[in-house]
Amino acid sequence: SWDEAFHHLNGNFRADYVKSLGKLKNYNVESVVRFYPGLYDTIHFVIANFFVKILSVKYLIEIKHLINITFSFFTLYGLFLISKKLFNKQVGYFAVLLCIANPFFFGHMSMNPKDAVICFPLIWFAYYTYCYCQNFNIISKKSFLYLIGAALFMGLGLGIRPTFIIIAFPIIFSALVYILKNSKYPIGKFSIKIVSHIFVFIIISIFLMILTWPQIHEQSFPLLYEVFFKSLNWFGPTLGLLNGEFYETANTPRTFFLTFFLFRIPIYILLATIILVFSLMTSLKFYKKKFENFTSKMLVVLFTFLFPLIAAIILKVKIYDGIRLFLFIMPTLSLLGSLGVYYVFENFQNNKYAKIIGVGIAASFLLFLSRFIMITPYHYDYSNFLYFKFSNTQNLYEHDYWGTSYKELIKSINKKTNLNNIKVTTCAADTTGIKYLLNRYMPGKAILVPIKEADYIMMINRLGYDTVTKQSCFDKYPGEEIITVKRLGVKLSVLRKLKK
């Protein structure tokens, strides 16, 4: 997928840098790499390299995807644990089910080297922070061990993306409020404990953030300031497509999240979340009876979910590639939805409305499942049944923005006996990744060349950087369509013979 080669090479250079104890100077894959701390890239590369030596470099992509999906499953396990701690086991099971059956989380679990994995440190940071708060007043090593755990996951999050501090802010703030409110220590002992613990937390977190980040060793904290400033208007496409309307990504509409949720999130998740809202308004006593300190816990969960969304709306953060940059909200959304499902489950036998709603959720889940299966493995391209025919979404948004359908396209080209020694170019593709796929799946049958020398072009419906013409690759390069990768009538990628 897109960026996999970039992050693999970055992990290689950063691992070499750490092994050389900072003596290696050739660590820039490209200029933008200075904004990436690279901790996960480094860990990922070391693990992948270990298994490549045991197996074969032939299985590099499969190994990389297996590593990503392992971290994703640990995310789901962490979601279960924190849900169980906050509420109960049943809510935990529902939360995991809703998260793994979320096409955007599931679709990025294995092949996304950065956006899905950020959920892992966030969930486990939340878990260890909660455990730390619960044990703060106990005089034992437990609270300190939980502090170390929270610091390690904060460090990992910052080591993936320094802006992790923003998405973790609601958890940090809520923990401090809880400790200040519930501490049983005298003011003197409390001050010593909290100051020393904050110091340890900051030291561990910063150490992990900068451990594999050679550029910050040279440029120090001005680079960190630049990273936060750039995060508002990150590199990437200048043009986006939202429900059929073009927009400049530097001026993302403030209705982006509302539109995305309404037309893309599975209806069964929307229903579960709406049920939660209505049940909170009409049956709050139910939740308070079932769960201790429900109101406080609910406020923290809502704060964690809403804060980054509201911040992005107010600051007009640049958003593209659907919800990819905000995948970290999916576990929290699943937890919220799971409470709605739990309410229906608990009231199903005695409440006729709960029965009707339960049937509605089940029916919408079955509808979702049919489309989910039919668009495999491009689950992140999902749109819900407010557009009943999936084919009607062709021009509503960029479909295969992550470029994973190139593998299927290249395999299909290889099956064509009349396509040999072709000169091919690409529109919207990671060149290193395409070269790897060509060498692996059709060696010697195609050569990647510049557009002027090409007879054929492989492309996805990615929008360009021209905000005037507003053309996608499909529009920009007309020609005879030789091979198409489709799902339910939607064109994901194509091989075209160029018009000369």
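**Entry 1: histidine 379**

I looked up histidine 379 and found it in the loop between α17 (352-374) and α18 (406-415), where helices (H or I, at least four residues) are DSSP runs numbered from the N terminus. The model is a predicted one, in which local features need pLDDT of at least 70 and side-chain atom pairs count only at pLDDT 80 or more, while totals for chains, interfaces and linings use all residues. Residues are numbered from 1 along each chain as its sequence is written, and side-chain values use heavy atoms, with hydrogens and water left out.

I noted that histidine 379 counts as buried because its relative accessibility is 6%, buried meaning under 20% relative accessible area with a 1.4 Å probe and protein chains only. Its side chain makes a polar contact with the side chain of threonine 376 at 3.1 Å; such a contact is a pair of N or O atoms within 3.5 Å, and within protein one must be able to donate a hydrogen and the other to accept it, residues adjacent in sequence counting only if both atoms are side-chain atoms. I also found a polar atom of the histidine 379 side chain 3.5 Å from the backbone oxygen of phenylalanine 372. Not counting residues up to four places away in sequence, histidine 379 touches Pro103, Phe106, Gly107 and Phe372, contact meaning heavy atoms within 4.5 Å.

**Entry 2: methionine 111**

I then turned to methionine 111, which sits in the loop between α5 (103-108) and α6 (119-134) and, at 7% relative accessibility, counts as buried. Leaving aside neighbours within four places in sequence, I listed its contacts, among them Ser1, His65, Tyr380 and Trp402.

**Entry 3: aromatic rings**

I counted 48 aromatic pairs, taking rings of Phe, Tyr and Trp (its six-membered ring) as paired if their centres lie within 6.5 Å, with planes under 30 degrees apart stacked, over 60 edge-to-face and the rest tilted. Phenylalanine 87 and phenylalanine 294 form a tilted pair, 6.0 Å centre to centre with 55 degrees between the planes. This pair links distant parts of the chain, 207 residues apart, with phenylalanine 87 in the loop between α3 (60-86) and α4 (89-100) and phenylalanine 294 in helix α15 (residues 294-315). I recorded both phenylalanine 87 and phenylalanine 294 as buried.

**Entry 4: helix α7**

Last, I checked helix α7 (residues 142-160), and noted that 14 of its 19 residues are buried, so the helix is largely enclosed by the rest of the structure.

Definitions and conventions:
Buried < 20%, exposed > 50% of the residue type's maximum accessible area, 1.4 Å probe, protein only. Helix = DSSP H or I, 4+ residues; strand = E, 2+ residues; numbered from the N terminus.
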